[in-house]
Amino acid sequence: EGARAGQHRVVWRQREVCRSVSARSGSSFRFFRPAASEHALNDEAMRALAKVGLDDRASRRAGSLSHGEKRQLEIAIALATNAGLLLLDEPLAGTGKEESAVLVELMRSLKETHTIVLIEHDMEAVFTLADRVSVLVYGRLIATGTPEAIRNDADVRTAYLGEEEVA
């Protein structure tokens, strides 16, 4: 099964970070018990938050997180579903250099346990993370290969990297 985190951000601003994740990790179907008493669900949520480095922010409101932390939260929500496949749609969009570095390292660590399909315009991040890259221009596939092959592909350099990268 797969889980998605991406451009259409699904972060409930007023909900606590832990509750945002536990809502995706399942249900005990105990509708009249407080969510805080659902230890199995909350434990799973805390494990997902720890994987993305947000366990120390579990009780904060999701809306108070930085932009990069919200991307980490989205990945935690995807992880809480126990999916083996993560579809990450532009997780670095709008992040600064430091936030991007944190997210790249997070995705690098998740590669060990998950298959990741990454849609991303930050080519350096793609080259750092990917084992195999497919490049599309206006919805048309122009190249597929290793990061090194893609970096050296003339069509890709023209479309994305710019000719100044040739040298």
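Reader: Why is Ser22 called buried?

Author: Happy to start there. Buried means under 20% relative accessible area, exposed over 50%, and partly exposed in between, with a 1.4 Å probe and protein chains only as cover. Ser22 has a relative accessible area of 8%, so this serine counts as buried. Before we go on, a word on the model: it is predicted, so local features need pLDDT of at least 70 and side-chain atom pairs count only at pLDDT 80 or more, while totals for chains, interfaces and linings use all residues. Residues are numbered from 1 along each chain as its sequence is written, and side-chain values use heavy atoms, with hydrogens and water left out.

Reader: What makes the place of Ser22 part of a helix?

Author: Helices are DSSP runs of H or I with at least four residues, strands are runs of E with at least two, and both are numbered from the N terminus. Ser22 is found in helix 1, which spans 17-22. The C-alpha atom of Ser22 is separated by 7.9 Å from that of Ile77, a residue 55 places away along the chain.

Reader: How many elements are there overall, and in which order do they run?

Author: The protein has seven helices and five strands. Read from the N terminus, their order is β-α-α-α-β-α-β-α-β-β-α-α.

Reader: What makes Glu90 and Glu69 count as buried?

Author: Glu90 has a relative accessibility of 14%, so the buried class applies. Glu69 is also buried, because its relative accessible area is 13%. Glu90 sits in the loop between strand 2 and helix 4, and its C-alpha lies 7.1 Å from that of His121, 31 residues away in sequence. Glu69 belongs to helix 3. Leaving aside residues up to four places away in sequence, Glu69 touches Leu54, Arg57 and Glu99, where contact means heavy atoms within 4.5 Å.

Reader: And why is Ser109 called partly exposed?

Author: The relative accessibility of Ser109 is 32%, so this serine is placed in the partly exposed class. Ser109 lies in helix 4. From C-alpha to C-alpha, Ser109 and Lys51 are 9.0 Å apart in space and 58 residues apart in sequence.

Reader: What puts Asn82 and Tyr138 in the exposed class?

Author: Tyr138 counts as exposed because its relative accessibility is 85%. Each sits in a loop: Asn82 between helix 3 and strand 2, Tyr138 between strand 4 and strand 5. Their backbones are worth a look too. Phi is near 60° in Asn82, a positive value in a residue other than glycine, and phi of Tyr138 is near 50°, likewise positive in a residue other than glycine.

Reader: What makes a group of residues a nonpolar core?

Author: The term covers a set of buried Ala, Val, Leu, Ile, Met, Phe, Trp, Tyr and Cys residues joined through side-chain atoms within 4.5 Å. The largest such core has 28 residues, and Val21, Leu49, Val52, Leu73, Ile75, Leu79 and Met107 touch the most other members. Elements that each supply at least two of its residues include helix 1, helix 2, strand 2 and helix 4. Helix 3 gives the largest share, six residues. Apart from this core lies another, of nine residues, among them Met123, Val135, Ile150 and Val156.

Reader: Which residues does Leu49 touch?

Author: Not counting residues up to four places away in sequence, Leu49 touches Val17, Cys18, Val21, Leu54, Asp55, Ala58, Leu73 and Ala76.

Reader: What makes a space in the protein a pocket?

Author: On a 1 Å grid over the protein atoms alone, a pocket is an open set of points where a 1.4 Å probe fits, with protein on both sides within 12 Å along at least five of seven lines; lining residues have an atom within 4 Å of a point. The lining of the largest pocket has 21 residues, and Leu118, Ile119, Val126, Arg132 and Ser134 lie nearest its centre. Strand 3, helix 5 and strand 4 each contribute at least two lining residues, with strand 3 giving the largest share, five.
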